[in-house]
Amino acid sequence: MKKKIIPVIVALALIVIVGIVGFGGKILDKYTYSKELADMDEYYGVGQGELAILLQDDWIAEKAVLKEDTVYFDLDTIFTYLNEGFYVDTGEGKLLYTTANDTAEAMFDGKEYADRDGSHPVNYVICYMEGDRVYIAADYIKMFTNYSYELFDRHLQVYTQWGEKRTMEVAKDTQVRVLGGIKSPVLRQLEKGETVEVLEEMETWSKVKTSDSIVGYVENKRLTGGATEVEVAVTDYVADAYTSISMPGKVSLGFHAIGGEGGNSTLADMVAEGKSINVIAPTWFSLNDNEGNFRSFASTEYIQQAHSYGLQVWGVWDNFNYKNETGTEINSFEVLSATTKRRALAQGIVNTASELGLEGVNIDFEGLTQECGVHYVQFLKELSVLCRSSGLILSVDNYVPFQFNNYYRLDIQGLVADYVIIMGYDEHWHGSKDPGSVASIDYVSNGLDRTLEEEQVPPEKVVNALPFYTILWKTEGAEVTDQYITLNNVKDYLQRMNIQPEWDETVCQNYAEWQSGSATYQIWVEDEESISVKLNVMNTKMIGGVAVWRLGYGTPEAWDLIDAYVNAQ
């Protein structure tokens, strides 16, 4: 009997032992630290030649490139995180960077750059193009940008901001893991005495960054001490200061529309009308080909006469009048996107202005596409350098700003130009087939607010242009036509038509609507009352002055209002 029982007891004992061992193993496994190493290819997410980027304390989706021991960023990454000032001309294979007083130029695949001081060699390829992407060397970017980078095995640590950081010391050899938890894969070993930066502290684990910029998790019990360190900002690059020429007091500018050399003879009449103007802007110059040349109606006699009246002369350069006059197609994109042509245009403008003795230049480039925006902005930068060195005032005409035309970059214009002129009209325009006000008060006021937003353009540089005209709208069935009526003719027109407009507080204009036959006529009147409201708004925003489109359209009453605005203390 005993012999039969003993095997059973032994079997039961073995079962119990196995159970205990199994249960203990599970308990042991639960509390045992995993030694599994993380897949670092997965952690960094990079391919051959690529470098992951840790910007401040966060991984970004973009990658850098390591080529011939040199770190490169692609242009989109540079624009997004480092510096949007670089300009690429893929047609001529050039990389440009324009400051307040100079332009640095490097050729694709070259190891030197040139500026006003000559040629400067470097020991790396500055930039290159691969497919449709342009890459710029990290060290070259640092010549124009305050940032730092540190290269590790498969990643970069990049800093563009500096402040304070909290650090702790590793109290005992341990591991930094992908996630908080002893079963999470190990990123690397940490040795006692190492210092880590604490990014986020939780109940039992902390998110840390190691000295080699690996971001992971460490148990709190493995950390000790604690200190706050002030990070040292990079200040190697000191940008040239932008200087501006300012008029004494407010600008009072009258645009003088000149369609031929004979138009210069009307100067005396324009000045007689334009009470209190201190700047006259004749529309003399217009692009006349796709090479950067322009036609001119300029007259030295006109300039001398204007000076005798105490006026500055700012010549207007546009990209549309020659086309309108001759039907010749002018491609602004073709001119502005080619560095050689763009520079020829900018140099031609400054040479002409200087030779004529102009005080300033006014740029009125309209109808530019979004694709052309970056090239137009580069043109203004390069032109501003030449104007600054020649003592010429640079003013730029702009549409009322909206999201859809922000590629005109008022923020950059506010930096490089002396005056940014907002053409505060064309809310509804000739040929739009959309009856409405040329310049309601909200349209003007909100446009100025967007211009001044976060000092996009300093208020003292902003000039608002008033319309000395209105539009009469005629709607007959589905057909909408319109015609201009100038400020000095609108009152007579309404009297002849026996129409008495009424004040509309919403738009701050006198409004009239009437029927004639099957046609409906509408007019939002520009007159002394509407101009007075606009000037009051401009005054409250403390902008740099007023312009009018155009001389020859005004009334004595309107000019009295402008005189009071310009001379108000």
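Q: Which residues of α15 are buried?
A: This is a predicted model. Helix α15 covers residues 556-567. A residue counts as buried under 20% relative accessible area. In α15 the buried residues are Ala 558, Trp 559, Ile 562, Tyr 565 and Val 566.

Q: Within what arc do the buried residues of α15 fall, seen down its axis?
A: An α-helix has 3.6 residues a turn, so residues three or four places apart point the same way. The buried residues of α15 line one face of the helix, because seen down the axis they fall within an arc of 115°.

Q: Which elements are included in what covers the buried residues of α15?
A: Cover here rests on contact, meaning heavy atoms within 4.5 Å. Helices and strands both take part. The cover includes β20, α5, α13, α14 and β34.

Q: How far does α15 reach from its first C-alpha to its last?
A: Helix α15 has 12 residues. At 1.5 Å a residue, 16 Å is expected. The model comes close to that, with a reach of 16 Å.

Q: How many residues of β20 are buried?
A: Val 251, Leu 253 and Phe 255 point one way from the strand, and all are buried. Ser 252, Gly 254 and His 256 point the other way and are buried too. β20 is therefore largely enclosed by the rest of the structure, and its buried count is six of six.

Q: Which residue of β21 is the bridge partner of His 256?
A: β20 also pairs with β21, residues 279-282. That pairing is parallel and has four bridges. The partner of His 256 in β21 is Pro 282.

Q: Where does Ser 276, with its positive phi, lie?
A: Most residues other than glycine have a negative phi. Ser 276 has phi near 70°. Ser 276 counts as partly exposed, at 23% relative accessibility. Its place is the loop between α5 and β21.

Q: Is Asn 498 buried or exposed?
A: Asn 498 is not a glycine, yet its phi is positive, about 55°. Asn 498 is found in the loop between α13 and β31. Exposed means over 50% relative accessible area. Asn 498 has 71%, so the answer is exposed.

Q: Which peptide bond is cis, with omega near 0°?
A: Most peptide bonds are trans. Arg 550 lies in the loop between β34 and α15. The cis bond runs to Arg 550 from Trp 549.

Q: How many residues does the hairpin between β7 and β8 pass through?
A: β7 (residues 112-115) and β8 (residues 118-121) pair in the antiparallel sense over four bridges. Ala 114 has Ser 119 in β8 as its bridge partner. The hairpin joins the strands through two residues.

Q: What is the radius of gyration of the protein?
A: The C-alpha trace spans about 135 × 60 × 45 Å along its principal axes. A compact globule of 569 residues would have a radius near 25 Å. For the protein the value is 35 Å.

Q: What percentage of the residues of the protein count as buried?
A: The protein has 15 helices and 34 strands. It exposes about 27,200 Å², with carbon and sulfur atoms supplying 51% of that area. Of its 569 residues, the buried share is also given as 51%.

Definitions and conventions
Residues numbered from 1 in each chain as written. Predicted model: local features only at pLDDT ≥ 70, side-chain atom pairs only at ≥ 80, totals over all residues. Heavy atoms only, no water. Expected span 1.5 Å × (residues − 1). Buried < 20%, exposed > 50% of the residue type's maximum accessible area, 1.4 Å probe, protein only. Arc of directions from axis to C-beta. Pairing = 2+ DSSP bridges. Rg over C-alpha atoms; globule rule 2.2 N^0.38 Å. Areas by Shrake-Rupley, 256 points an atom, 1.4 Å probe, with all protein chains shown as cover.
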